[in-house]
Amino acid sequence: MTAALGRRVAVRVPATSANLGPGFDTLGLALSVYDELTVEALEPGRLEIEVSGEGTEDVPRDASHLVVRAIAHTFAFAGREMPGLRLVAHNVIPHGRGMGSSGAAVVAGILAAQGMLEGDVELSDVDLLRLATEMEGHPDNVAPGLFGGLTIAWMDAEGPQHKQLIVHRGVSPLVLVPSFTMSTAVARSLQPLQVPREDAVFNVSRSALLIAAMTQSPELLMAATEDKLHQNYRAQAMPETDRLVRSLRAEGYAAVVSGAGPSVLVLADGPGQRLGAAELAGSLVDTPWQTLMLAVDVKGGTVKAAEGSA
């Protein structure tokens with residue numbers, strides 16, 4: 001059985017920032033920058049792709065496109081024939097900058113498939129997270145992309161799990177985006193397979209503190225965002241990012257590497273502090289940083305019937 005010909009869905013997926021300092025491969029935050037796309041079911045075998053915005057010159061226009069692969073993965077899981085597709089994507093999330101662009105593409109494809117399968121196969125939140133994690137490899141970016149807010153993600157015998165938390169209204173995210181990119185695979189290759197016990201204990205304490213800081217006590221964000229598991233090991237691959245993080249933290253701003261980098265996330269405890277961090281970053285002349293003053297996205301990815309849908 002194939003999705004109804006002519007059915008069109010509209011999908012919107014937020015950017016995400018993973019790790020948040022100490023919460024390596026565990027914590028993620030949804031942010032108010034969005035990729036938007038429409039997907040229409042065509043006769044099997046047809047594929048039309050239009051892309052605008054970020055990555056216009058780089059993303060493939062064939063079945064290797066990550067959104068198309070995620071749709072195919074979901075249809076296979078549902079036991080349904082993959083339809084042909086007309087995909088029109090407008091990308092705003094920066095690519096290769098540590099803001100979850102690949103996770104967003106995976107989430108977008110899975111939600112598009114969910115919308116096209118509506119009324120035939122119902123996919124639960126558990127199904128969505130499992131499918132996204134199978135493709136992305138880790139749930140820390142796809143969980144906030146799917147569900148919004150601050151998420152804790154973990155794996156158990158049943159597969160990937162998540163808990164969504166409401167972020168304190170005083171937390172004001174700032175993302176500083178450079179012109180250069182960073183490969184997640186390269187960033188991961190710089191980390192040791194084992195770390196000293198005291199470093200592991202240090203990060204356990206900071207991760208626990210970070211949950212309190214993000215949900216109840218933003219004044220604790222500076223201490224709560226300290227990390228000894230990944231950022232120092234990756235610093236050699238992105239020295240500009242390391243310098244900015246250190247400069248911001250030296251002035252009392254809770255700055256961390258966003259995901260695998262090279263963007264920097266500042267978790268300010270109010271709009272005034274966020275503005276101060278942005279001004280400091282603007283005064284550093286080694287590399288220009290695009291300033292994104294963002295809100296925490298609380299909805300996560302959404303899918304709905306598009307106008308003109310069959």
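1. In this predicted model, helix 9 has 12 residues, which at 1.5 Å a residue should span 16 Å, and the distance of 16 Å between its end C-alpha atoms agrees with that expectation. The buried residues of helix 9 are T241, L244, V245, L248 and R249; because they cover an arc of only 125° around the axis, they lie on the same side of the helix. An α-helix has 3.6 residues a turn, so residues three or four places apart point the same way.

2. As for what this buried set meets, the buried residues of helix 9 pack against strand 7, helix 7 (221-224), strand 8 (255-257), strand 9 and helix 10. Just after helix 9, G252 adopts a positive phi of about 90°.

3. Helix 10 (residues 271-283) can be checked in the same manner: its 13 residues should span 18 Å at 1.5 Å a residue, and its end C-alpha atoms are 19 Å apart, which agrees. Buried in helix 10 are R274, G276, A277, A278 and A281, and the buried residues of this helix pack against strand 7 (172-177), helix 9 (239-250), strand 9 (264-268) and strand 10 (290-293).

4. A separate point concerns N91, which lies in strand 4 (residues 84-91). With a relative accessible area of 12%, N91 falls under the 20% cut-off and is therefore counted as buried. If its neighbours within four places in sequence are left aside, N91 is in contact with D35, V51, S52, G53 and E54.

Methods
Residues numbered from 1 in each chain as written. Predicted model: local features only at pLDDT ≥ 70, side-chain atom pairs only at ≥ 80, totals over all residues. Heavy atoms only, no water. Helix = DSSP H or I, 4+ residues; strand = E, 2+ residues; numbered from the N terminus. Expected span 1.5 Å × (residues − 1). Buried < 20%, exposed > 50% of the residue type's maximum accessible area, 1.4 Å probe, protein only. Contact = heavy atoms within 4.5 Å. Arc of directions from axis to C-beta.
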